[in-house]
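User: I've got this one open and would like a guided tour. Let's take it question by question.

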Amino acid sequence: MSAPEQYAGGPIAALRRIAFLLERGREDSYKVKAFRSAASTLLPMPSDEVAALVAAGTLTKLPGIGASSAKVIEAAVRGEMPERLADLEARHGGPLVAGGEALMTQIRGDLHSHSDWSDGGSPIEEMAITAMELGREYQVLTDHSPRLRVANGLSAERLARQLDVVDAVNAHLAGTFTLLKGIEVDILDDGRLDQTDEMLARLDVRVASVHSKLAMDRDAMTRRMVNAVRNPFTNVLGHCTGRLVTGNRGTRPQSTFDARVVFEACAEEGVAVEINARPERRDPPTKLLELARDIGCVFSIDSDAHAPGQLDFLAYGAERAEAAGIDPDRIVTTWPVDRLLEWATPRFRL
Ligand SMILES: [Zn+2]
Ligand SMILES: [Zn+2]
């Protein structure tokens with residue numbers, strides 16, 4: 001047998017990388033959980049203590065460490081590539097999609113992501129650190145708004161607490177990366193936004209999305225979306241058709257609205273049409289993407305990540321934007337953070 005490949009990353013990096021690759025490859029989240037909880041168990045422990053447990057073969061006595069995590073830790077502590085990690089690198093470590101590579105090199109940030117404060121699977125700091133590791137300059141944290149109860153949407157009070165946490169996270173990061181304050185705010189049935197103006201004003205970026213009554217009739221949906229786009233706080237129109245094309249939530253047809261009217265409002269207001277990169281959304285559909293392009297809209301390529309590994313989904317959106325021939329300068333997520341924040345300032349007219 002040949003000698004095992006060397007691995008110098010240590011056990012915590014190995015466990016985090018395995019979780020990341022499982023998420024990136026869209027594998028079941030219960031598998032991911034085991035590795036993430038093993039990593040958090042090890043995090044506060046001195047490394048000689050971990051090594052002693054490995055030597056004694058008693059790792060699984062620790063909370064949150066099962067047999068498969070223990071195998072990974074044992075290999076990493078010995079300085080050997082864990083088998084599970086090598087296998088996942090081979091299966092899920094390569095490019096997600098062919099195309100969009102040139103555009104991806106120009107992408108600086110992502111305006112749409114969730115933490116475990118709403119329906120995401122990981123803490124804010126894990127999302128931020130992963131975004132930083134992916135070379136992003138900024139990541140907007142956009143947990144859901146109160147009406148989305150199934151997703152544990154944030155009340156004004158919880159959102160206010162979250163903003164303090166974001167400040168604390170940024171205070172501990174080097175100045176090369178910024179976690180920005182945001183929201184994915186529900187567009188109510190009449191087009192109003194599901195959060196107080198006071199809280200919306202405290203945020204850096206606001207993504208407005210329809211999550212309910214997706215089958216509303218065409219005229220009512222058009223009015224609803226235009227009202228939301230005209231709201232001075234709205235910066236991004238999230239996953240505009242609401243369609244689902246694949247995945248474990250099944251499929252769902254796109255909602256109907258006068259896309260020309262909605263996109264013209266976006267172009268006038270400078271609201272970005274989101275290119276939602278999630279493989280199960282691929283929203284907007286290509287015809288609408290091209291319509292928005294021809295109308296002169298700006299775009300935001302967003303991961304809508306609900307787990308750290310999904311932050312890499314931007315590649316899917318970049319492939320679509322490049323295929324549609326969209327000029328990178330019309331993609332706000334290629335902009336430096338200062339330009340982005342200036343663009344995202346609420347549009348109150350005096
Ligand atoms: Zn959404
Ligand atoms: Zn979302």
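User: Where is Pro284 found?
Analyst: Keep in mind that this is a predicted model: local features need pLDDT of at least 70, side-chain atom pairs count only at pLDDT 80 or more, and totals for chains, interfaces and linings use all residues. Residues are numbered from 1 along each chain as its sequence is written, while chains are lettered from A and ligands numbered from 1 in the order in which they are written. Helices (H or I, at least four residues) and strands (E, at least two) are DSSP runs numbered from the N terminus. Pro284 falls in the loop between S6 and helix H12 (286-295).

User: What kind of peptide bond joins Asp283 and Pro284, cis or trans?
Analyst: Most peptide bonds are trans. Between Asp283 and Pro284, though, omega is about 0 degrees, and the bond is cis.

User: What is the phi of Arg282?
Analyst: Arg282 sits in the loop between S6 and H12. Most residues other than glycine have a negative phi. Arg282 isn't a glycine, yet its phi is positive, at about 40 degrees.

User: Which strands are at the edges of the sheet?
Analyst: There's an open sheet of seven strands in the order S1-S2-S3-S4-S5-S6-S7, with parallel pairing. Two strands pair if DSSP finds at least two bridges between them. Each edge strand pairs on one side only, and the edges are strand S1 (109-110) and strand S7 (299-302).

User: How are H4 and H5 set against each other, parallel or perpendicular?
Analyst: Helix H4 (residues 67-77) and helix H5 (residues 83-92) have axes that come within 8 Å and cross at roughly 95 degrees. Axes here are lines fitted to C-alpha atoms, for helices over the stretch in contact, with angles from 0 to 180 degrees between N-to-C directions. Angles under 35 degrees count as roughly parallel, over 145 as roughly antiparallel, 65 to 115 as roughly perpendicular and the rest as oblique. H4 and H5 are therefore roughly perpendicular.

User: How many charged residues are in the contact of H10 with H11?
Analyst: Helix H10 (residues 218-230) packs with helix H11 (residues 259-269) at about 5 degrees, axes 9 Å apart, which makes the two roughly parallel. Residues are in contact if their C-beta atoms, placed from the backbone, lie within 7 Å; Thr222, Met225, Val226, Val229 and Arg230 in H10 meet Val261, Val262, Ala265, Cys266 and Glu269 in H11. For classes, Ala, Val, Leu, Ile, Met, Phe, Trp, Tyr, Cys and Pro count as nonpolar, Asp, Glu, Lys and Arg as charged, and the others, Gly among them, as polar. The contact has seven nonpolar and one polar residue, and the charged ones number two.

User: Which helix gives the most to the side of domain 1 that touches domain 2?
Analyst: The domain assignment (bounds come from an automatic or database assignment) gives domain 1 (10-92) and domain 2 (101-343), with 32 Å between their centres, taken over C-alpha atoms. The contact takes nine residues from domain 1 and eight residues from domain 2. Helix H1 (10-24) and helix H2 (29-42) are the elements giving two or more residues to the domain 1 side. With six residues, the one giving the most is H1.

Technical notes:
Two residues are in contact if their C-beta atoms, placed from the backbone, lie within 7 Å.
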